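Thanks for coming. I will go through one model today, a few elements at a time.

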Amino acid sequence: MSKSKKGFFASAFGKKNAPAQIKSSVFRKSDVSKMLSDKSPFGVKESYGAIRTQLNFSRKNEKCPVFAVTSMTPGDGKTVNCINIAISFAKLNKRVLIIDSDMRNPTVHKFFSLSSSNGLSELLAGFATSVNFKTTGVDNLTVLTSGDTPPNPAELLNSEQMDKLLKLVREHFDYVFIDTPPVSLVTDATVLAQKVTGYVIVVRPGHSDIRDLKHGVDSLQALGATISGFVCNDADDNVRHSRRAYYKSYYYKRYGYSYEQYAGASGAVQDTQDDN
Ligand SMILES: Nc1ncnc2c1ncn2[C@@H]1O[C@H](COP(=O)(O)OP(=O)(O)OP(=O)(O)O)[C@@H](O)[C@H]1O
Ligand SMILES: [Mg+2]
């Protein structure tokens, strides 16, 4: 695809850096190397620069836009892209906050070698009286970690406490990015529809399923959400694989009880792929 045709779609990483096969988004130490830095390849920096420009156009004149970064299925690259988009804004000397709202499977804190405890869940549940912002080692970039896993993440995200938190952070930061769980499996991401400026939807060719994508976008729009744009992650790789079945069955297991009801509802498909 030519650069002009790419539009908001940007391949975040080249073929060389991509895993041969994606089995899980369980955090690996090597994931830290995928964070945007001055040493990142030119194409990667350019891609995130393009995403940043497009997001700036979709900020709806808000002083501090809040973007929820989501995708339809696990492992599409939400967290890596949420972090990298946030870093690309922080590099412009903007005060940037990442909120890890994936309270079921938090990973943002691991990229910055932080503890997840004493974060979002404790605050929303009323166990903490002040917001425990954590510095990251990246200039201008602050993180609110997920906190310990609560029994009711969607309920907490849908609470008045969450509204208060977003009001507060809008006063103290220039940009806020919320890392979320996948839309097709739990409702956590969708409850933010009326609270955020817009959704950035990560699509991973060969991994994301087009029917899930259409269904997820329709659901978000039915809730009145704004879709700020799509990030085509890892675009050059895996296009030849159709792994819908594999990833669904794998991740339902990993997310345990929380996702089981959804597995039943959408009919999780048998794993038809081999492991090689
Ligand atoms: N473009 C890419 N190139 C290489 N590896 C990538 C790319 N995007 C993501 N990955 C890797 O794929 C795995 C999943 O990424 P990530 O954790 O960001 O996905 P996720 O959508 O947040 O997953 P989950 O739904 O479980 O939260 C990680 O190991 C990450 O480093
Ligand atoms: Mg994630």
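In helix H7, the buried residues are Met162, Leu165 and Val169. Buried here means that 20 or more other C-beta atoms lie within 10 Å of the residue's own; exposed means 12 or fewer, partly exposed is in between, and C-beta atoms are placed from the backbone. Helices are DSSP runs of H or I with at least four residues, strands are runs of E with at least two, and both are numbered from the N terminus.

Before going on, this is a predicted model, in which local features need pLDDT of at least 70 and side-chain atom pairs count only at pLDDT 80 or more, while totals for chains, interfaces and linings use all residues. Residues are numbered from 1 along each chain as its sequence is written, and chains are lettered from A and ligands numbered from 1 in the order in which they are written.

Back to H7. Looking down the axis of H7, its buried residues fall within an arc of 60°, so they line one face of the helix. That arc is taken over the directions from the helix axis to the C-beta atoms. An α-helix has 3.6 residues a turn, so residues three or four places apart point the same way. On the other side of H7, the exposed residues are Glu160, Asp163, Lys167, Leu168 and Glu171.

What do the buried residues of H7 pack against? They pack against strand S2 (96–100), helix H5 (120–124), H6 and strand S5 (175–179). Contact means that the C-beta atoms of two residues, placed from the backbone, lie within 7 Å. As for length, H7 has 13 residues and reaches 19 Å from its first C-alpha to its last, close to the 18 Å expected at 1.5 Å a residue. The expected span is 1.5 Å times one less than the number of residues.

Ser159 lies in the loop between helix H6 (153–157) and H7 (160–172). Ser159 has 16 C-beta neighbours inside 10 Å, so it counts as partly exposed. Ser159 and Leu124 are 35 residues apart in sequence, but their C-alpha atoms are 7.6 Å apart in space.

Now helix H8 (residues 210–222). Its 13 residues should span 18 Å, and its end C-alpha atoms are 18 Å apart, which agrees. Asp212, Gly216 and Leu220 are the buried residues of H8. Seen down the axis of H8, these fall within an arc of 60°, so they line one face of the helix. They pack against strand S6 (198–203) and strand S7 (227–232). The face turned away from that side carries the exposed residues Ile210, Arg211, Lys214, Asp218 and Ala222. Just after H8, Gly224 takes a positive phi of about 85°.

**A loop and the whole chain**

Leu185 lies in the loop between S5 and S6. Is Leu185 buried or exposed? Leu185 is buried, because 24 other C-beta atoms lie within 10 Å. Leu185 and Met72 are 113 residues apart in sequence and 7.7 Å apart in space, C-alpha to C-alpha.

Finally, the totals. The protein has ten helices and seven strands. Of its 276 residues, 45% count as buried. Among contacts with a separation of 6 or more, 82% are between residues 24 or more positions apart.
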